[in-house]
Amino acid sequence: MQPGPRNSLIQCFIKRNRGMQTYYLYLNLSQASNDEGKFLLAARRCRRAAYTDYIISLKADDVSKGSSNYIGKLRSNFLGTKFTIYDAQPPNGGANVAKSRSTRTVGMRQVSPKVPSGNYPVAHVSYELNGMGSRGPRRMLCIMDSIPVSAIKPGGVAPTQTELVPGNLDSVPSLRFFRSKSALTDGFNSEMLVLKNKSPRWHEQLQCWCLNFNGRVTVASVKNFQLVASLENGQEEEKVILQFGKVGKDTFTMDYQYPISAFQAFAICLSSFDTKIACE
């Protein structure tokens, strides 16, 4: 999938089906509250003994790893605090392939049947205690393995997925589940784009930590977040690259822009749904 546009957020929303453990991503077609949207992606939560997988598909009624509509997955650790996003296709420039028991094709482009699709780690997400108590958002850090930090600079380019061909897998450092923030930042390539949750501001009248979602989020929730680029000097950019927030019991908005794609944005947002035993 292609990255979003520069300097403007693509407005989407996610519908959650608690009973079926499924999530559906739609593109907003209008500003109306009854907008049914255009379907983009679907995900299904699969809980295992030591981890949880969110299988992501191009079709709402065909969400399985063996399907031709499978495009990737999100995998969490046992606590739901560390996540890895896997793409079924390698990003341009290559990525490390994770072992897979099955082979599959990707419906969004033709792939040679002699070269199986795999699980390519393209991003890592971690959550920590926020230090503000239960009133503040969880601290969130995203390492975008496949996107260089230069992509957010003027004239910078974010890689797109390419066809899976032999010899296109030049190693890009990939991180296993990391034990701490220091282990995460020590292990990644400094040229990778790092996203962090935007620091909230204290609202004296409401007596709570607040973020400005410009009307796109209407329900207070620990799941709400805005991600911005983290700069080398510890500062953060003002421009929001991804924002996610609650607007109903099982409805959430998801707005994203360059340099991430709808798939990457959706996978990052899915991580917010998972239980954070160590951060709640």
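In one of them, Tyr23 and Tyr54 are tilted, with 5.9 Å from centre to centre and 55° between the planes. Because Tyr23 belongs to strand β2 (residues 22-27) and Tyr54 to strand β4 (residues 52-57), this pair ties together parts that are 31 residues apart in sequence; helices (H or I, at least four residues) and strands (E, at least two) are here DSSP runs, numbered from the N terminus.

The model is a predicted one, in which local features need pLDDT of at least 70 and side-chain atom pairs count only at pLDDT 80 or more, while totals for chains, interfaces and linings use all residues. Residues are numbered from 1 along each chain as its sequence is written, and side-chain values use heavy atoms, with hydrogens and water left out.

Are these two tyrosines buried or exposed, if buried means under 20% relative accessible area, exposed over 50%, and partly exposed in between (1.4 Å probe, protein chains only)? Tyr23 counts as buried at 6% relative accessibility, and Tyr54 is buried as well, at 0%. Another pair is edge-to-face, because the ring centres of Phe244 and Phe273 are 5.5 Å apart and their planes stand at 80°. This pair links distant parts of the chain, since Phe244 lies in strand β13 (residues 236-248) and Phe273 in helix α2 (residues 262-273), 29 residues apart. Phe244 is buried at 0% relative accessibility, and Phe273 is buried with a relative accessible area of 10%. Tyr23, Tyr54, Phe244 and Phe273 are among the members of one aromatic cluster, which also includes Phe225 and Phe252.

Charges also meet rings, where a charge sits over a ring if NZ of Lys or CZ of Arg is within 6 Å of the ring centre and within 35 degrees of the ring normal. The charged end of Arg6 is placed in this way over Tyr258, 3.9 Å from the ring centre, and that of Lys73 over Tyr86, at 5.3 Å.

Turning to the backbone, Tyr258 is joined to Pro259 by a cis peptide bond with omega about 15°, and Pro259 lies in the loop between β14 (251-256) and α2. Gln21, in the loop between β1 (10-17) and β2, has a positive phi near 55° although it is not glycine, and it is partly exposed at 31% relative accessibility.

Key: Rings of Phe, Tyr and Trp (its six-membered ring) pair if their centres lie within 6.5 Å; planes under 30 degrees apart count as stacked, over 60 as edge-to-face and the rest as tilted.
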